[in-house]
Amino acid sequence: MRLISSGTETIAGLPKPLPGSDDELHMLRALELAELGRGTTSPNPMVGAVVVSGGKVVGEGFHQRAGGPHAEVRAVEEAGDRVKGATIYLTLEPCSHHGRTPPCAPLLVEAAPARVVIAMKDPNPLVAGAGMRVLSEADIEVAMGPYRDIAVRQNEPYIKWITTGRPFVTLKMAMSLDGKVATRTGESRWVTSDASRSDVHRMRAESDAVMVGFGTVLADDPQLTARGIRAARQPLRVVADSLARTPLQSKLADTSEAPTLVAVTAHAAATDRGALEKKGVEILEAGAAERVELDVLLEALGRRGLTSVLAEGGPTMAASLWEAGLVDRLVLYLAPKVIGGSSAPGPVAGEGVETMSLVRGVEIFTVQAIGSDLKITAYPSGG
């Protein structure tokens, strides 16, 4: 567990380390460059590249958007002839296959650096070490560099999607110090501080989709857009609504600012589906059971190239995702308030477990001060 105080510089949610060698210094810069592509590269990974010749940085680049030039291309172009015999620092193994753009490994061979330092291998089955082999076979020294842990955290959504076909699911919850998400009357605005809510807007901007359940739509009429920050694009808003009952007057039915997808079951009436579709809402059938099958929904989102989903639903959705083992990361905002009340809801509903021996544990990864609140990032045990 890492404690992050207010004002601490971070990379991929981790405290920025103090480099102790040239390799660490330049790889840290490459990771910082990669962060500039956060929220714009999906379904591609974030990648940063730094070219160093004679102890000086002569070229830098980062992957800005899917379909655009890769980090290696930008850095090599900036370095020009100085790349020959230089060292190139990459946050991710260079690709060796043709996608939207030509492969980068042959480009590096042609540029002829003496050494390439890579933070992590590309888990893409089409690469998976092939890019490194291309370099080695050209007599370019290849070294696995420092800060692999940061590189992995930086590209969690890409790693999950490219290896499983499903998006990386973050379950976000906001609660009081005594574990309540609302008062006994259901009032929940606002449990946490302005700073925490601003941080959630940032998370939305970095996610491919934001997901809630029908109950949250009725209770809160959320907009689910990234506001108050500079966002490259709005996430897809996803509603798990078995019977297509999302009100036509709701903010989510207004698709003028952001797209909305309502996931239904086979039991949803054609008239209700059609009414939403006339508003510009996309309807996706996710299973024939009484309730939307969330695993089917996530698989469908993955097939569309969506790599990250921020689940902001209420206690019912939280329970459904958690009990089905569909949560990859938990982000909890803990406010210094005591709400109380035996009937005031907690963050996770459902039946719950009968004995402590059945409780599924988590690993608390970071605890960070956000305004007056604490932001706790955790991963299911074994994740």
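**Exercise 1. The surroundings of Arg115**

Is Glu141 buried, partly exposed or exposed, and what is the relative accessibility of Glu141? Determine also which salt bridges Arg115 forms.

*Solution.* The model is predicted.

Step 1. The class boundaries are needed: a residue is buried under 20% relative accessible area, exposed over 50%, and partly exposed in between. Glu141 has a relative accessibility of 45% and therefore counts as partly exposed.

Step 2. Glu141 and Arg115 meet through their side chains in a salt bridge, at 3.5 Å from N to O. Arg115 belongs to strand S7 and Glu141 to strand S8 (residues 141-144), so this pair ties together parts that lie 26 residues apart in sequence.

Step 3. Arg115 also forms a salt bridge with Asp23, where the closest N and O atoms are 2.8 Å apart. Asp23 is in helix H1 (residues 22-35) and Arg115 is in strand S7 (residues 115-118), so here the parts that are tied together stand 92 residues apart in sequence.

Step 4. The accessibility classes follow from the boundaries of Step 1. Arg115, at 19% relative accessibility, counts as buried because the value is under 20%. Asp23, with a relative accessible area of 22%, is partly exposed.

**Exercise 2. Salt bridges in the whole structure**

State how many salt bridges the structure holds, and identify the residues that are linked in a network.

Step 1. The structure holds 21 salt bridges. One of the pairs is Glu35 with Arg38, whose side chains meet at 2.8 Å, N to O. Arg38 is partly exposed, at 26% relative accessibility.

Step 2. The network of salt bridges links Glu9, Lys16, Arg29, Glu32 and Glu60.

**Exercise 3. The sheet that contains S7 and S8**

Give the strand order of this sheet, name its edge strands and describe the helices that pack on the sheet.

*Solution.* Step 1. The sheet is open and consists of 5 strands in the order S5-S4-S6-S7-S8, with mixed pairing.

Step 1. Strand S5 (56-62) and S8 are the edge strands, each pairing on one side only. On average, neighbouring strands of this sheet are turned by 15 degrees against each other, direction ignored.

Step 2. S7 and S8 run parallel and are joined by 4 bridges. Val117 has Ala143 in S8 as its bridge partner.

Step 3. H1 lies across strand S4 (48-53), S5, strand S6 (87-90) and S7, and runs at about 145 degrees to S4. Helix H2 (residues 71-79) packs on the sheet and touches S4, S5 and S6; the direction of H2 makes about 145 degrees with that of S5.

**Exercise 4. Aromatic rings**

Classify the geometry of the pair Phe365 and Tyr379, and identify the charged residue that sits over the ring of Tyr379.

*Solution.* Step 1. A search of the whole structure finds 1 aromatic pair. The ring centres of Phe365 and Tyr379 are 5.4 Å apart and the planes stand at 85 degrees; planes over 60 degrees apart count as edge-to-face, so the pair is edge-to-face.

Step 1. Phe365 is in strand S16 (residues 362-370) and Tyr379 in strand S17 (residues 373-380), 14 residues apart. Phe365 is buried at a relative accessible area of 8%, and Tyr379 is buried at 4%.

Step 2. Arg153 has its charged end over the ring of Tyr379, 4.2 Å from the ring centre. Elsewhere, Arg360 lies over the face of Trp322, at 4.6 Å from the ring centre.

Methods
Residues numbered from 1 in each chain as written. Predicted model: local features only at pLDDT ≥ 70, side-chain atom pairs only at ≥ 80, totals over all residues. Heavy atoms only, no water. Phe/Tyr/Trp six-rings, centres within 6.5 Å; stacked < 30°, edge-to-face > 60°. Helix = DSSP H or I, 4+ residues; strand = E, 2+ residues; numbered from the N terminus. Buried < 20%, exposed > 50% of the residue type's maximum accessible area, 1.4 Å probe, protein only. Lys NZ or Arg CZ within 6 Å of the ring centre and 35° of its normal. Salt bridge = Lys/Arg side-chain N within 4 Å of Asp/Glu carboxyl O. Pairing = 2+ DSSP bridges. Axes fitted to C-alpha atoms, helices over the stretch in contact; angles between N-to-C directions. Contact = heavy atoms within 4.5 Å.
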